[in-house]
Amino acid sequence: WGQTEFPDTTPSDTHQVIELPESTMIVRHVVLQEACCPQCGRVTKAQVPPEAGAGYGPRLTALIGELSGSQRSRRSAVQEFCQSVLGVAISQGAIQRAVDRVSDALIPYYAAIAAQARRARVNYIDETGWYQHGVLAWLWVMVNTTVALFTVQASRSHAAFEALVASWAGLLVSDGYTVYQQWVHGR
C-alpha cells in the first residue's frame, strides 16, 4: 500500500476518545470489639461510628441521590444501575434511605436559597407541570439575578403560590396566570 514511514510529519487533526476510568468499590470493614469487664463481668460492645452507620459512603449516597432526584430515576432503575454498573447489590429501601440522607443534607442550603430569593426586590415566578411517579404535580420557580428557588407542589393553586413566596413582598414578573394577577405589591 505504499510508504509506511515518513520522517517529516505535522499534525493535521485531533481525535479524542473519552473513556470512564476503571472503577472498583472501596469497602471498609469496621470491626466492632467487645470485652468482658474483669471486675463486674459485664460485656461491653463497641458501637458503629456515626460516619459508618448508613453503610454507604458519601459519594455513593450522593450518586444515588442524583440518580433518584435530579434524574428522577425510579428506585428499581437506580437499584439495577448500582448492581450492573457498580457491582453493588442494594435494596430499594436502602436507596430510599440514601435519598432521605441527601434530602436532609440539602435542607440548610435550600433554606439559604429560599431566604435569598425572598429578600430580592424583583422575582420572576412561574410554574409548570411536573410528573412524580406518574402523578401530575407542579414545579414552581422563583428566580432573580442571584438565585433560583424551586419547589414541587401538588397543585397550581393560590396556596401553592403562597407557600413559594412566603412573606416576600417585592415586584413580581410573571405571565398572566390568575394567581399572579392578585399580587398587590407590584407586577
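Buried means under 20% relative accessible area, exposed means over 50%, and partly exposed lies in between (1.4 Å probe, protein chains only). This is a predicted model: local features need pLDDT of at least 70, side-chain atom pairs count only at pLDDT 80 or more, and totals for chains, interfaces and linings use all residues. Residues are numbered from 1 along each chain as its sequence is written, and side-chain values use heavy atoms, leaving out hydrogens and water.

**View 1. His185, in the segment after α5 (178-181).** Helices (H or I, at least four residues) and strands (E, at least two) are DSSP runs, numbered from the N terminus. His185 counts as partly exposed because its relative accessibility is 39%. Contact means heavy atoms within 4.5 Å. Not counting residues up to four places away in sequence, His185 touches Ala169, Gly170 and Leu171. Ser76 is 109 residues from His185 in sequence and 46 Å from His185 in space, C-alpha to C-alpha.

**View 2. Helix α3 (residues 92-119) and its bend.** The 28 residues of α3, at 1.5 Å a residue, should span 40 Å; the end C-alpha atoms are 39 Å apart, which agrees. The expected span is 1.5 Å times one less than the number of residues in the helix. At Ile107, α3 bends by about 40°, and Pro108, a proline, follows within four residues. The bend at a residue is the angle between axes fitted to the seven residues ending there and the seven starting there.

**View 3. The buried residues of α3.** Ala94, Ile95, Ala98, Val99, Ala114 and Ala117 are buried in α3. Their cover includes α1 (58-68), α2, β3 (122-132), β4 (135-143) and β5 (148-153).

**View 4. α2 against α3.** Two packed helices are described by the angle between their axes and the distance between the axes. Axes are lines fitted to C-alpha atoms, for helices over the stretch in contact, and angles run from 0 to 180 degrees between N-to-C directions. The axes of α2 (residues 75-86) and α3 come within 9 Å and cross at roughly 100°. That makes α2 roughly perpendicular (65 to 115 degrees) to α3. Arg75, Ser76, Val78 and Gln79 in α2 meet Gln92, Ile95, Gln96 and Val99 in α3.

**View 5. α1 against α3.** Here the axes come within 8 Å and cross at roughly 95°. α1 and α3 are therefore roughly perpendicular to each other. From α1, Thr61, Ala62, Ile64, Gly65 and Ser68 meet Ile95, Ala98, Val99, Arg101 and Val102 of α3.

How values were computed: Angles under 35 degrees count as roughly parallel, over 145 as roughly antiparallel, 65 to 115 as roughly perpendicular and the rest as oblique.
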